[in-house]
Amino acid sequence: MIFQELRINPTRLISRVERLGKIGALEGGGVCRLALTPSEKLGRDHLVAEMKALGLDVAIDPIGNIFGARKGRREGPAVMLGSHIDTVATGGLYDGALGVLAGLEVIATLNEGNIETDLPVVVAAFTNEEGARFAPDMLGSLVFVGGLSLAEALDIVSIDGKRLGEELEAIGYAGTDQGPEEVAAYFELHIEQGPVLEDEKVEIGAVLGVQGISWTELTIRGRSAHAGTTPIRLRRDAGLAAARIAAGVGAFVRSMGGDQVGTVGASTLTPNLVNVVAETAVMTVDLRNPDEGLLQVAEAKLTALIEQIAGEEEVTIERRSLARFEPVDFAPALIETIDGTARVLGFSTRRLFSGAGHDAQMLARIAPAAMIFVPSVKGISHNITEYTEPADLANGANVLLQVTLKQALPTNGEEA
């Protein structure tokens, strides 16, 4: 294998992570770069500058996705490396950012080695992957692959009441360019965000696919009343109904077992006073399973639970779908390439499904796609204490480098 001994610069990779991590930094560690906010704009500006410093041709599309392209010997489908740089409100330094910054490190390594690839190599940063400010998540990559119209995406309203299109304009990232017309392969390096690799002392995860995701927002309407003078039998308590739904979700998820998970991640009561029966409750239910049939079973159980509690508590419950994605299987050939390459490099490997959503599941609609996982310390993510050991970051970036070479080097019979 030519270039088998080529490696990324781990010190430089860590520096890239740390420098981006200073943008939107939170006290005590971590970052807050919610999509299309001023802090994320600064992160975008930093990323574009880094791309240009590496000699990449930068393009920004109308939904704000950023593409940095390194030309190949011929025009043709690009090998794309990517992820995102937006975060949740209490995000860590690595979620998403690692995939983009490791992509830049791959480019830097190719530049230093004067390695000319046959196919173009593109580093991508997709808009609003987290879905923390605008729903759905993976929005930018979904628009890129044609799964959501640009017009519809631009009209989405954020949790703070802002229209996406206006916020994109405000930060100067409503682009007019287009990304690659064709993608030969898409690779995304990411921290696991779970405990499996660390628990099993495995260095590299070859990701089989992404489990299905169903996000639902419930608005429960009851009647405000005095907490001391209103008998239980005469109450229409939105707060109690919300609590019963949350407990019910936990119960049916446990009864289903297997890979089924469910989460009530947000719940807000109005008027939210200690001595007043809540008139309104707004809550979210997040259901996930790698099996589409079982995910539909869980959704049916949620529907039955909602109807039961609405009747028993004499409240009305409105439903709104925030996101619904079927499970996605990644390209078997790329999974095999990742697993085999990691083993050749001397790393232990494990194949596993991703419990979180990623841009790779959207790219899989139009191109062969796969993901590389590296361990997360204690499985912690979406948390300011999120951490991955520097050696693991470097391991993942080196696997990314080698699988990129396999896909992008000359196709004239020379083996990578």
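**Two domains and two annotated sites**

Domain 1 and domain 2 together bury about 860 Å², with carbon and sulfur atoms accounting for 68% of that area; buried area here is the accessible area (1.4 Å probe) that two parts lose on being put together, summed over both. In domain 1, Ala135, Asp137 and Pro327 lose the most area to domain 2, and together they make up 48% of what that side buries. The model is a predicted one, in which local features need pLDDT of at least 70 and side-chain atom pairs count only at pLDDT 80 or more, while totals for chains, interfaces and linings use all residues. Residues are numbered from 1 along each chain as its sequence is written, and side-chain values use heavy atoms, with hydrogens and water left out.

The domain assignment gives domain 1 as 10–210 + 327–408 and domain 2 as 212–325, the bounds coming from an automatic or database domain assignment. Between the C-alpha centres of the two domains the distance is 33 Å. Domain 1 brings 15 residues to the contact and domain 2 brings 11, where contact means heavy atoms within 4.5 Å. The side of domain 1 that touches domain 2 consists of 9 nonpolar, 3 polar and 3 charged residues. In this grouping, Ala, Val, Leu, Ile, Met, Phe, Trp, Tyr, Cys and Pro count as nonpolar, Asp, Glu, Lys and Arg as charged, and the others, Gly among them, as polar.

Between domain 1 and domain 2 there are 0 salt bridges, a salt bridge being a side-chain nitrogen of Lys or Arg within 4 Å of a carboxyl oxygen of Asp or Glu. The whole structure, by contrast, holds 24 salt bridges. One of them joins Glu167 to Arg133, with the closest N and O atoms 2.7 Å apart. Because Glu167 sits in helix H6 (residues 164–170) and Arg133 in the loop between E4 and H4, this pair ties together parts that are 34 residues apart in sequence. Helices (H or I, at least four residues) and strands (E, at least two) are DSSP runs, numbered from the N terminus.

Asn114, although not a glycine, has a positive phi of about 50 degrees and is placed in the loop between helix H3 (97–112) and E4.

Turning to annotation, an unreviewed UniProt entry lists Asp95, Glu130 and His382 under "binding site". These residues span 288 residues in sequence, yet no two of their C-alpha atoms are more than 9.9 Å apart, so they gather at one spot. Glu130 lies in the loop between strand E4 (121–125) and helix H4 (139–144). The unreviewed UniProt entry also places "binding site" at His84, Asp95 and His190. Here the span is 107 residues in sequence, yet no two C-alpha atoms are more than 10.2 Å apart, so this set too gathers at one spot. His84 is in the loop between strand E3 (78–83) and H3. UniProt positions are given in the numbering used here, feature names are shortened, and annotations may be inferred rather than shown by experiment.
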